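User: I'd like to go through the terms behind this structure with you. Could you set each value against its definition?

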Amino acid sequence: MPTEELTYREAIVAALREEMQRDPTTLIMGEDIGASGGPFKTCLGLYEEFGPARVRDTPIAETGFVGAALGLALTGFRPIVEIMFSDFLGVCFDQIVNGIAKHRFMSGGRVKVPLVIRSIGGGGLRFGAQHSQTGESWMLSVPGLKIVCASAPDVAYTMLKAAIRDDNPVLVIEHKALLSTKGDVAIGTEPDGALSGPKILRTGSDATIVASLAMVPRALAAADLLSAGGIEAEVIDIRVLRPMDTRPICKSVRKTHRLVTVEEQAQVGGWGAEVAAQVVHEAFDYLDAPPARVCLPDYPLPYSPVLEDAALPSPEAIAAAVRALM
Amino acid sequence: MASGLQLSRDQLLQAYRQMRLIRDFEETVHEEFSAGAIPGFVHLYAGEEACGVGVCTHLDERDAIASTHRGHGHCIAKGCDIDGMMHEIFGRRAGLCGGKGGSMHIADLSKGMLGANGIVGGGPPLICGAALTAKTLKTGGVAVAFVGDGGSNQGTTLESYNLAKVWNLPAIFVVEDNGYAESTGTKYSVGGSQVQRGQGFGLPAVEVDGSDFFAVYEVAGEAVERARGGGGPTLIHARLLRYYGHFEGDATTYRGPGEVASYKAAKDPLMQFRNRVIEASLLKPDEFDAVDGEVKQTVARTLTQAKAAPMPTEADLLTDVYNRY
Ligand SMILES: Cc1ncc(C[n+]2csc(CCOP(=O)(O)OP(=O)(O)O)c2C)c(N)n1
Ligand SMILES: [Mg+2]
């Protein structure tokens, strides 16, 4: 398969463009995504190519337009909505958790809701407490929803394509600190239909590190640090939080005997707890140490650079958590 | 009717001083941001000074305001300490919020400034609460929400109009309509008119030239008087223009050519104020010049101090989430 080097941002645009070319029932809506190409330029060129009816600017009214996406999905379209910052998922929470996620179930399976919510989250840019959250676990306990996290250009590309083709509502979380990162993307790949879960990015025999979003490159950097000291960590990008498939993680832990999860959110209620619980249940006898979780402290992300840097898990902190299990 | 031209010399100078302070503060933040000295996201109020100051000139310590992401001007107009603000914007420990909030979250409850807000449409519900407090405790206070044209489309804003009406609250909604929400024009995003929206909920509603301090002062005076007297909420639709991009770094490709320059030449709020007051022989040009000079020094001093001030320490991270953990 021919690959092309793309930025994360370009990979998102490419996935949107290809899927919109392929399926005329797709359309995208969001704030400032039209002629301006999106505040993060994740829709660049789409307005020119597909026109205002399929690339629709919305007023600032997340509850309204996310609810409208549900109505579109129920009546034959495959809407994609962009939530400019994941933090604003809070504004339209009700539409997602009480409407979008449950409509199929409440109809006794008579309707389907092919709908994608893309939201751009994450810290590190000094945007403060209301513009830095990933929101990745906010809806983790909501059946009916799928939740995907994009950690690199190729993941952003393939996962978004698969999400758009999925007949279920999918929340795709992107990370703004990754927008300019580059990587090889197999352009034109057909998503195999299913959103596939955890992916091993680096093999190792001494510990398993599972991470999401911008914590994935940090976990890889931690593995480099550990390797210099003779510890080989296996690094897994969890990719799909719901439905969560922990089988590859359990398999890895049976080999490495240690588990560390890394997520950019507070520990309580994070997905790491679910991973750890499942690993303990499935691979208890293989564990040489209790699973560890590296998270944000139990505080909102602060504005001041010194404080934000102190809050975000560093490669050193991840490596230290692994060493503590050895 | 409260006509601004009947203000005392001191009051006129104070109103001008506030507007000049906002302008200089914002221009300084603009330069510092461009030079890479300020982290994150800043949205500047330059060009909109007459609105914040025209409204807040009527307010005192009984009164509360809620602001937006474009909050520096509202903070200054309501009396927040500019040293504390500048320190906050530079992420310093001595900032009004200890460096934890940043430009988009400056708050100072001691001044009745409930907070800037990173969530568009976040402010209006808060002032319904603050107005309910004032009403319940009979303080005579009023509460004012500033909200952008973009924010006027959020359900929270429209719900607040209704709450304020049905509870007959001493609340004032000031829709600051600068023509854009980020790059989206109001023609595209706002259905109906702001005044009709207010009227639809039963609020007295009025449109005003937001570049004209005296016009804003007059309509705000009526709204505040009504609210203090138990007459309920008002909506003010102020038309104005922001001089800089939506946020610092915005290329503003959506603007018409010369849009800002021609507006500045014809309607700059500080220039209008100065000309009107001099024309009415209430103050002399050198009195304005003296304010300009004094404000310039004040802002320069604030900047120097903020830049030299210590950052928070890691230990500061572990405080302030709960009152008691
Ligand atoms: C709930 C929510 N949605 C979107 C945004 C992103 N955003 C920040 S400011 C802004 C435009 C606001 O426009 P307006 O209310 O007119 O205020 P102005 O910036 O013009 O002062 C947008 C879309 C946000 N901060 N909060
Ligand atoms: Mg606006």
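Analyst: Gladly! Two strands pair if DSSP finds at least two bridges between them. Helices (H or I, at least four residues) and strands (E, at least two) are DSSP runs, numbered from the N terminus. This is a predicted model, in which local features need pLDDT of at least 70 and side-chain atom pairs count only at pLDDT 80 or more, while totals for chains, interfaces and linings use all residues. Residues are numbered from 1 along each chain as its sequence is written, and chains are lettered from A and ligands numbered from 1 in the order in which they are written.

User: What makes S10(A) and S11(A) a pair, and in which sense do they run?

Analyst: Pairing takes at least two bridges, and S10(A) and S11(A) (residues 233-237) have five, in the parallel sense. Within this pair, A:Ala211 is opposite A:Asp237. S10(A) also pairs with S13(A) (residues 259-266), again parallel, over four bridges; there A:Ile209 faces A:Val260.

User: Why is S10(A) called largely enclosed by the rest of the structure?

Analyst: A residue is buried if 20 or more other C-beta atoms lie within 10 Å of its own, exposed if 12 or fewer, and partly exposed in between, with C-beta atoms placed from the backbone. Five of the five residues of S10(A) (residues 207-211) are buried, so the strand is largely enclosed. A:Ala207, A:Ile209 and A:Ala211 point one way, A:Thr208 and A:Val210 the other, and all are buried.

User: What makes the unit of S10(A), H7(A) and S11(A) right-handed or left-handed?

Analyst: With the strands pointing away from the viewer, a path from the first strand over the helix to the second that runs clockwise is right-handed. S10(A), H7(A) (residues 215-228) and S11(A) form a β-α-β unit of that right-handed kind.

User: How do you know that the length of H9(B) agrees with its number of residues?

Analyst: The expected span is 1.5 Å times one less than the number of residues. For the 16 residues of H9(B) (residues 213-228) that gives 22 Å, and the end C-alpha atoms are 22 Å apart, so the two agree. After H9(B) comes B:Gly230, with a positive phi near 85 degrees.

User: How many residues of chain A are in contact with chain B?

Analyst: Contact requires C-beta atoms, placed from the backbone, within 7 Å. By that test, 29 residues of chain A touch 32 residues of chain B. H10(A) gives the most to chain A's side, with five residues.

Terms used:
Contact = placed C-beta atoms within 7 Å.
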